[in-house]
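Please keep the sequence and the structure in view while reading.

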Amino acid sequence: MALVEAIRKHNKQRVKANYFVHSYGCKQNVADCERICGVLELLGFKQVTSTEESDVIIYNTCGVRHTATARVLGNIGVLKRLKDKNPELIIGVCGCMVEQEGMADHLAKRFPFLDLIFGTNLIHYLPRFLHEVLFEEKKVRVTKLDDEIVEGLPINREAGTSCLVPITYGCDNFCSYCVVPYVRGRERSREPEMILDEIRELVAQGCKEVTLLGQNVNSYGKGLTSKINFAELLAKIDSLPGRFRVRFLTSHPKDCSKELIDTIAESEKICNQIHLPVQSGSNNILKLMNRGYTKEQYLTLVRYLKEKMPDVSFGSDIIVGFPGEGEQEFLETLSLVKEVGFNLLFTFLYSPRKGTKAADMLDTVPKEEKKIWFEKLLKEQELISDEQNEKQCGKIKVVLPEHFAETAGKSVLSGRCENGFWVEFEGGKNLIGEFVEVKIIKATRRSLIGEKIVK
Ligand code: 5AD
Ligand code: SF4
């Protein structure tokens with residue numbers, strides 16, 4: 001607390017003490033940013049929306065693919081100009097990319113003006129790190145993984161009605177392409193009471209939608225003293241009082257049990273939407289990826305989900321061009337995509353990550369060919385999405401508006417419905433954060449267009 005008080009006092013005496021925090025990663029990364037912002041607010045800093053006005057800038061990075069790393073490296077370089085203008089400016093880089101083998105040293109060498117370089121799971125040390133920079137003229141370089149879960153950090157949430165709630169941290173799956181287990185450490189689950197208390201409090205404050213986060217939410221509960229699995233946690237959340245909706249990210253197909261699907265189908269608050277990354281439609285490739293399921297098992301799961309929840313919407317991730325993938329394997333992926341009819345598909349070109357098993361696998365297919373497959377998959381998915389969106393016409397959906405805009409003289413609200421489709425409709429700003437019944441009248445590739453039902 002002494003460190004916190006010292007920084008608060010220092011900030012009170014300054015003309016301004018502004019901060020800018022930017023997330024370069026997934027929803028978990030965004031949730032971490034909300035905690036970084038919470039700690040900075042506690043220390044007396046004020047959030048601003050541009051780097052130019054800031055006294056502290058923190059970039060929270062991602063290391064999952066090369067493109068994510070390259071983007072952030074470029075953007076760090078640009079900050080040198082600000083540091084030259086204002087040597088008092090504190091610049092920090094944290095998160096997954098920093099934990100990658102050799103990366104912290106690389107960052108320190110390439111960008112000597114960086115004051116803070118720290119890895120994941122270390123946000124609770126931020127007051128100490130800032131104290132070292134502000135008062136001890138030190139530079140911070142810490143990448144040690146702390147595997148404990150630190151509860152009770154202040155959180156400065158991005159939005160009031162739609163909130164992120166982490167339930168697990170880290171990952172134990174070691175898919176052969178993935179850097180996450182190395183950069184986020186072993187899987188740890190939060191105590192159920194902590195999660196339930198957080199949701200109770202959020203709902204009391206007006207939150208209407210909670211997204212539970214974890215690298216693999218389906219294996220929630222492993223290692224906890226209280227015996228509980230993800231389905232049981234969902235059932236407990238479902239029975240909390242108040243009107244709110246629950247989504248969750250990400251589900252690993254190998255741990256998606258029938259019990260879980262039954263719980264979602266029978267619940268009132270858990271949305272009929274599931275993000276179930278398949279990664280490939282070829283059993284050879286799934287094996288090389290160490291995914292722990294076959295194409296047939298995945299399709300059985302999909303059939304069960306559709307049987308239990310006919311209106312379920314599916315999301316998935318697919319990697320194109322994994323080492324060993326030939327045209328035959330790619331065509332199997334394409335065929336699976338057509339068979340399932342995903343509503344939302346994230347497609348990625350394989351990106352070798354240092355330290356992972358796949359990085360050492362023989363990769364003979366030229367990038368140009370992989371790009372042709374990638375484009376083919378995108379085109380196919382566009383047709384599927386159009387078809388899926390079209391099927392929603394005429395249905396009545398309950399939408400939670402998040403955004404409001406005045407366009408062409410019209411007041412337009414947009415938000416998601418129960419099963420995750422993005423819906424736009426005419427309505428007043430006062431409806432933001434309220435559940436609104438909307439009839440879908442038109443489908444575009446980007447969203448559904450609806451009309452508010454007047455009762
Ligand atoms: N190359 C390409 N895509 C990857 N993903 C994870 N690691 C890699 C990689 N090395 C994708 C997976 C995962 C999503 C978050 O990112 O599809 O589900
Ligand atoms: Fe999220 Fe993984 Fe990227 Fe980290 S490496 S920000 S966990 S996607």
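The shell around ligand 2 divides into five nonpolar, four polar and one charged residue. In this count, Ala, Val, Leu, Ile, Met, Phe, Trp, Tyr, Cys and Pro are nonpolar, Asp, Glu, Lys and Arg are charged, and the others, Gly among them, are polar. The residues that surround ligand 2 are Gly-25, Cys-26, Asn-29, Cys-62, Gly-63, Val-64, Cys-96, Val-180, Arg-184 and Gln-215; a residue is near a molecule if one of its heavy atoms lies within 4 Å of it.

The model is predicted, with local features requiring pLDDT of at least 70 and side-chain atom pairs pLDDT 80 or more, while totals for chains, interfaces and linings use all residues. Residues are numbered from 1 along each chain as its sequence is written, chains are lettered from A and ligands numbered from 1 in the order in which they are written, and side-chain values use heavy atoms, without hydrogens and water.

Two helix pairs come next. Two packed helices are described by the angle between their axes and the distance between the axes. Axes are lines fitted to C-alpha atoms, for helices over the stretch in contact, and angles run from 0 to 180 degrees between N-to-C directions. Helices (H or I, at least four residues) and strands (E, at least two) are DSSP runs, numbered from the N terminus.

| Helix pair | Angle | Axis distance |
|---|---|---|
| Helix 11 (residues 258-266) and helix 13 (residues 295-308) | about 25° | 10 Å |
| Helix 9 (residues 192-204) and helix 10 (residues 230-238) | roughly 30° | within 11 Å |

Helix 11 and helix 13 are therefore roughly parallel, a term for angles under 35 degrees. From helix 11, Lys-258, Ile-261, Asp-262 and Ala-265 meet Leu-301, Tyr-304, Leu-305 and Lys-308 of helix 13, where contact means heavy atoms within 4.5 Å. This contact of helix 11 with helix 13 holds five nonpolar, no polar and three charged residues.

Helix 9 and helix 10 are likewise roughly parallel to each other. Pro-192, Ile-195, Leu-196 and Ile-199 of helix 9 make the contact with Leu-233, Lys-236 and Ile-237 of helix 10. Here the classes are six nonpolar, no polar and one charged.

Finally, Val-423 belongs to strand 17 (residues 422-426). Is Val-423 buried or exposed? Val-423 is buried, with a relative accessible area of 0%; buried means under 20% relative accessible area, exposed over 50% and partly exposed in between (1.4 Å probe, protein chains only). Not counting residues up to four places away in sequence, Val-423 touches several residues, including Val-399, Leu-413 and Ile-440.

Notes. Angles under 35 degrees count as roughly parallel, over 145 as roughly antiparallel, 65 to 115 as roughly perpendicular and the rest as oblique.
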